Amino acid sequence: MTEIGLWVYPWDLLDGGIEPVVARLGDLGINSLSVTTLYHNGRFLLPKRQRSPSYPTAPGVSYAPLRPDLYEAGWMPEPDPAAIDADLFPRIRAAASSRGIQLRAWTIAFHDQPRPGDHVVDALGDIHPFALCPTSAENRRYLQALVGDLSSRGWYDAIDLESYGYHGYRHGSHHERDGLLLGNLELFLLSLCFCRACTAAAEGRNVDAGSVQASVEGFVRRRMQHDGPGEGASGLWQLTSYLVNHPDVYAYLRSALANTARVLSDVRDATAAPRLILGITAATFLQPSAAAWQEGLALTPDLWTLVDRLVLLAYFRDPKDVYDDLWFVLDSTGHHPERVVLGQSLMPAESPDLANVLAKVRLARDLGIDKISLYNYGFLTEERVRWLAAISKSFG
Ligand SMILES: [Zn+2]
């Protein structure tokens, strides 16, 4: 079945009314809703809200009820009282089911979560407080408990899992400054994690983590003495040259990819009974899917032994860039368009007009992709909410 999905925040359902919003979205042709179960820090301007349209989120609180006995002491996310009091997820499930709409649990794993676990530590020894390290056994046990908890509820058809890998140096809390013109090489090197778990995992794979860390640190410190090192955001030659010429760093990167694969394997086991569809986002930070390896995700046919679906956040304005992203993923992962979901942002910066969106979703359909997911109800003006009817008609 063609799937026309929409990401929705819980606070927008509470504000607009669960049943009326779900009914309206169903009338507009949406047949799959992905609703946030827990989220990260943010402040969002939500144009349809009459009262307080500027909405600050509370990072890491749970909008779905959770079972305390599944978590280690101090690890269970705090419940959001408004969502729990409103019986949010059981009511969404009921409203969605009565209209044949699927429900996905849109879940943030390791980004900006106030949990007691270890964080990413870069080559300079600095902690990234916005990123729990995916290699830490405690962090993985937490995620397994969370996904198992969500899976056992019977409300969801699928899980959309985000931020299960590494986050990268630039994925901070959004007030960061750096006075250097960092290029892709410098950002990559600052993104590698040298925490206890990552170094131990690399050593277990016969990689000399101490030597890699010293080499990366030395290179970054030398770069910081220049007044604008690197090739900037679009250059990739220095990064590829560095990786070709530093096989030990490349081996360390391969170890990071294996660490992320282990997270996904744990999560797949946690969704085993009952079996939910497990979908993951490719690259989370507005990058092409070809950058997913920097977050720890290997795009190969083996991916399908870990997950059912890959959601591409191909939030590009130019349809040509969306086309390139789709083809790269299909060619890299053994051509399974039935497993690929095209994510599209309907915000003006990425989708200037309806014709632009229609061109992009038709392009996906022509490649055999039968699932799209649109971002996101809360940010859309009334005019753009009405676009949903045309998009679902065109794609369906
Ligand atoms: Zn680590």
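# Briefing: helix packing, cores and aromatic pairs

Helix 7 and helix 10 are roughly perpendicular to each other, because their packing angle of about 110 degrees falls in the 65 to 115 band. The model is predicted. Its largest nonpolar core has 100 residues, and a second, separate core has 32. The count of aromatic pairs comes to 25.

**Helix 7 against helix 10**

- Two packed helices are described by the angle between their axes and the distance between the axes.
- Here the axes lie 9 Å apart.
- Helix 7 spans residues 196-204, and helix 10 spans residues 247-270.
- Helix 7 makes the contact through Cys198, Thr199, Ala201 and Ala202.
- Helix 10 brings Tyr252, Ser255 and Asn259 to that contact.
- By class, the contact has 4 nonpolar and 3 polar residues, with no charged ones.

**Nonpolar cores**

- In soluble globular proteins, nonpolar side chains tend to be buried together.
- In the largest core, the residues touching the most other members are Leu25, Leu33, Phe89, Leu310 and Leu326.
- Helix 5 (residues 137-151) gives the most to this core, namely 6 residues.
- The second core includes Ala123, Ala131, Leu190 and Val216.
- What does Leu33 contact, leaving aside its neighbours within four places in sequence? Its partners are Leu6, Val8, Val22, Leu25, Ile101, Gln102, Leu103 and Arg104.

**Helix 6, an enclosed element**

- Helix 6 covers residues 184-191.
- 8 of its 8 residues are buried, so the helix is largely enclosed by the rest of the structure.
- The buried residues are Asn184, Leu185, Glu186, Leu187, Phe188, Leu189, Leu190 and Ser191.
- Their cover includes strand 7 (127-132), helix 8 (209-223), helix 9 (237-245) and helix 10.
- Leu190, one of these buried residues, is also in the second core.

**Aromatic pairs and a cluster**

- Phe219 and Tyr242 form an edge-to-face pair. Their ring centres are 5.0 Å apart, with 70 degrees between the planes.
- Phe219 sits in helix 8 and Tyr242 in helix 9, so the pair ties together parts that are 23 residues apart in sequence.
- Phe219 has a relative accessible area of 18%, so under the 20% cut-off it is buried.
- Tyr242 is buried too, at 4% relative accessibility.
- Tyr323 and Trp327 are also edge-to-face. The figures for this pair are 6.5 Å centre to centre and 80 degrees between the planes.
- How far apart are Tyr323 and Trp327 in helix 11? They are 4 residues apart, which means a separation of about one helical turn.
- An α-helix has 3.6 residues a turn, so residues three or four places apart point the same way.
- Tyr323 is partly exposed, at 36% relative accessible area.
- Trp327 is partly exposed as well, at 27%.
- One aromatic cluster is formed by Trp7, Tyr9, Trp11, Tyr39, Phe44, Tyr55, Tyr63, Trp106, Tyr315, Tyr375 and Phe379.

**Backbone geometry to check**

- The peptide bond from Tyr375 to Asn376 is cis, with omega near -20 degrees.
- Tyr375 is one of the members of the aromatic cluster.
- Asn376 lies in the loop between strand 12 (371-375) and helix 13 (382-395).
- Ser163 is not a glycine, yet its phi is positive, about 60 degrees.
- Ser163 falls in the loop between strand 8 (158-162) and helix 6.
- Is Ser163 buried or exposed? Ser163 is buried, with 7% relative accessible area.
- His335, also a residue other than glycine, has a positive phi near 55 degrees.
- The place of His335 is the loop between helix 11 and strand 11 (340-345).
- His335 is partly exposed, at 38% relative accessibility.

- Asp370 is in the loop between helix 12 (354-366) and strand 12.
- Asp370 is partly exposed, with a relative accessible area of 25%.
- Leaving aside neighbours within four places in sequence, Asp370 contacts Met1, Thr2, Glu3, Glu338 and Phe395.
- Asp370 and Asp112 are 258 residues apart in sequence. In space, their C-alpha atoms are 32 Å apart.

Notes
Residues are numbered from 1 along each chain as its sequence is written. Side-chain values use heavy atoms; hydrogens and water are left out. A nonpolar core is a set of buried Ala, Val, Leu, Ile, Met, Phe, Trp, Tyr and Cys residues joined through side-chain atoms within 4.5 Å. Buried means under 20% relative accessible area, exposed over 50%, partly exposed in between (1.4 Å probe, protein chains only). Helices (H or I, at least four residues) and strands (E, at least two) are DSSP runs, numbered from the N terminus. Contact means heavy atoms within 4.5 Å. Axes are lines fitted to C-alpha atoms, for helices over the stretch in contact, and angles run from 0 to 180 degrees between N-to-C directions. Angles under 35 degrees count as roughly parallel, over 145 as roughly antiparallel, 65 to 115 as roughly perpendicular and the rest as oblique. Ala, Val, Leu, Ile, Met, Phe, Trp, Tyr, Cys and Pro count as nonpolar, Asp, Glu, Lys and Arg as charged, and the others, Gly among them, as polar. Rings of Phe, Tyr and Trp (its six-membered ring) pair if their centres lie within 6.5 Å; planes under 30 degrees apart count as stacked, over 60 as edge-to-face and the rest as tilted.
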